[in-house]
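Subject: Structure handover

Hello,

Here is the structure I said I would pass on. Please open it beside this message and follow along as you read.

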Protein chains: 2
Amino acid sequence: MKIGLDVLGGDYAPNSTITGAIEAQKTLQDNQRLVLIGDQQDCIQQIKEAGADPDKFDYVHAPDIISMHEHPTKAISQKPNSSIAKGFELLQNGQIDSFASAGNTGAMLVGAMFSVKTIPGVLRPAIATNVPKIKSGYGILLDVGANADCKPEMLNQFAILGSLYAQYIYGIETPKVGLLNIGEEEEKGNNLTISTYPLLKENTKINFIGNTEGRDLFTDLADVYVCDGFTGNVVLKLAESFYVVTLKKGIKDEFFDRFNYEQYGGSPILGVNAPVIIGHGISSPEAIKNMVLLSKDMIESKIIDRIKSAFN
Amino acid sequence: MKIGLDVLGGDYAPNSTITGAIEAQKTLQDNQRLVLIGDQQDCIQQIKEAGADPDKFDYVHAPDIISMHEHPTKAISQKPNSSIAKGFELLQNGQIDSFASAGNTGAMLVGAMFSVKTIPGVLRPAIATNVPKIKSGYGILLDVGANADCKPEMLNQFAILGSLYAQYIYGIETPKVGLLNIGEEEEKGNNLTISTYPLLKENTKINFIGNTEGRDLFTDLADVYVCDGFTGNVVLKLAESFYVVTLKKGIKDEFFDRFNYEQYGGSPILGVNAPVIIGHGISSPEAIKNMVLLSKDMIESKIIDRIKSAFN
């Protein structure tokens, strides 16, 4: 198993990525190799300085950086030696089994769709994120930004993608799928959700429990919350801001702690032909470590094969 | 001034509505009369039992109730002696100057549009709600549910409605208007927000500050956040659920306290020809009291005339 990590992605790269990689490597077995994609000499030097063994890692030299504000499509094509472009080249060629980066989200999305490509049958990939449940554990919310405008058929597919992720990554047997909406009744909603409801209801690949509302997101009502990428992104950023407020106010609580993105490392792009994970721009070493471990989980669980089968 | 209150609306009516009305009346001047719409004899008896003076109120007998789950349009037309239908009849005839209810939201919306009607030039009324700012005070978010699907021209009008409300009810001199979106840059967003941005930019009646994101909602970035009613409703209910979590966890904090709907009483329907306020279904006496005081503010500020002028 080869786990690809963009060493140059994220606001605190390469320090936080290297430190996170070293921590992650300690938990890996010999046949699980972490492939560091970035400036090779710089990586080796930093690993040595940290007192770790550079031989425990593989390296691919790709010293160029796609910054946070570059145009995704342009950057990917114009910077073949950037860590992100190189990462997707390796992933496409099967030289790594997963690719994770805390860098430019748009470039990660574009790179994934142009290199390993969308799984046949999937209309559009979606970005999923964790939502902590008040009692314990996590639910999944998708899409959180890959598709600002959605069609009902896309939401119906997101339900399948999210269910498989909840099942095989979180071990939830028959994940409950809720449609994020503005009323409980079947006829409530906007044009999109009203048209999506009957599709979800008839979808035999999921366990649809009906409409859910903003207030239900942190409850046990559903395990997978499905929405368009606009709504999901607004919800995600709003929830993050609440967490930041509790941090600033020094409020310690087990539930709020689980909003900490560091604990789950990153958000997968579901619906492409390989495990691809996007980390938070402000990723700490702990977040990078957990992003690597999530990469490993995605490879081990064969989630991509399971998605392919579902859309076959 | 005649302030209309639906005594039968809300989960804890008529006890909470009567108690709230008694508290509100204590702060009113002699020429500010509270008109209680519901079962007249029952009202008078409860006021007496509470040790208050029934002569300090006006009454309109309307003993029928439109329950929370009745179909709005049917209920309004089939129950002319319901407190909500009667309230709108009085409002339309100028017998009251404002109407507030913690009852069926849909019936309030339909009642407002069918009786006092939409202000000429306004495409669709919107429901506005308060969002507490972390530092102090409140911002406005609209629409939070009147219009699940919106056109850019509607959002452009919501910006004007919200600005006037922020200015004349909250006393914010030149309210900053933000478009709730999923990126800071002008070209980011879904079809709706991308098409709305240039309209807001060219709108000389507002102080447009650009795109805002979910994470900005509680900051000072804007005073008025504009979005479609689907997004707004999801955001509103999510924010409420956070507040409920902090309550359940016994977290006391001045910022979280300001999420308490009781403090601001209710949400105005902006864009109709009279002040109409919708209260939370679970309204307490304190919430009812503040809903009455908000009604008074809306009448005194001449907010309706100001909206009419803006759309003239």
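Predicted model: local features only at pLDDT ≥ 70, side-chain atom pairs only at ≥ 80, totals over all residues.

Chain A can be laid on chain B by a turn of 180° with a shift of 0.0 Å along the axis, and the RMSD is then 0.0 Å. The two copies are thus related as by a two-fold rotation axis. In chain A, the C-alpha nearest that axis belongs to Thr231(A), at 3.0 Å. As for the interface, 100% of the interface residues of chain A are also interface residues in chain B, so the copies meet through the same surface.

The sheet in chain A

Chain A has an open sheet of eleven strands with mixed pairing, in the order β3-β2-β1-β4-β11-β10-β5-β6-β9-β7-β8. Its edge strands are β3 (57-61) and β8 (207-212), each of which pairs on one side only. From one strand to the next, the twist averages 25°.

Helix α5 of chain A (residues 105-114) packs on this sheet and touches β4, β5, β10 and β11 of chain A. The direction of α5(A) makes about 170° with that of β11(A). Helix α6(A) lies across β5, β6, β7, β9 and β10 of chain A, and runs at about 160° to β9(A).

Within the sheet, β6(A) (residues 138-142) and β9(A) (residues 224-226) pair in the parallel sense over three bridges. Ile140(A) stands opposite Val224(A) in β9(A).

One residue in helix α6

Ser163(A) lies in α6(A), which covers residues 152-168. Is Ser163(A) buried or exposed? The cut-off for buried is under 20% relative accessible area. Ser163(A) has 5% relative accessibility and therefore counts as buried. Leaving out residues up to four places away in sequence, Ser163(A) touches Pro175(A), Val177(A), Ile206(A) and Val224(A). Val224(A) is also the residue opposite Ile140(A) in the pairing described above. Ser163(A) and Ile299(A) are 136 residues apart in sequence and 17 Å apart in space, C-alpha to C-alpha.

The first strands of chain B

Four of the five residues of β1(B) (residues 2-6) are buried, so this strand is largely enclosed by the rest of the structure. β1(B) pairs with β2(B) in the parallel sense over five bridges, and Gly4(B) has Val35(B) in β2(B) as its bridge partner. β1(B) also runs parallel to β4(B) (residues 98-101), joined to it by three bridges. There, Leu5(B) has Ala100(B) as its bridge partner.

Next, β2(B) (residues 33-38) and β3(B) pair in the parallel sense over five bridges, with Leu34(B) opposite Phe57(B). β3(B), residues 57-61, is mostly covered, with four of its five residues buried.

Which elements make right-handed β-α-β units with β2(B)? One unit consists of β1(B), helix α1(B) (residues 15-26) and β2(B). Another consists of β2(B), helix α2(B) (residues 40-49) and β3(B).

Helix α10 of chain B

Helix α10(B) (residues 285-300) has 16 residues and reaches 23 Å from its first C-alpha to its last, close to the 22 Å expected at 1.5 Å a residue. Its buried residues include Ile288(B), Met291(B), Leu294(B), Ser295(B) and Met298(B). An α-helix has 3.6 residues a turn, so residues three or four places apart point the same way. After α10(B) comes Lys302(B), whose phi is positive, near 55°.

Regards

Note on methods: Residues numbered from 1 in each chain as written. Chains lettered and ligands numbered in written order. Heavy atoms only, no water. Buried < 20%, exposed > 50% of the residue type's maximum accessible area, 1.4 Å probe, protein only. Helix = DSSP H or I, 4+ residues; strand = E, 2+ residues; numbered from the N terminus. Pairing = 2+ DSSP bridges. Right-handed = clockwise from strand over helix to strand, strands pointing away. Least-squares fit on C-alpha atoms with pLDDT ≥ 70 in both. Contact = heavy atoms within 4.5 Å. Axes fitted to C-alpha atoms, helices over the stretch in contact; angles between N-to-C directions. Expected span 1.5 Å × (residues − 1).
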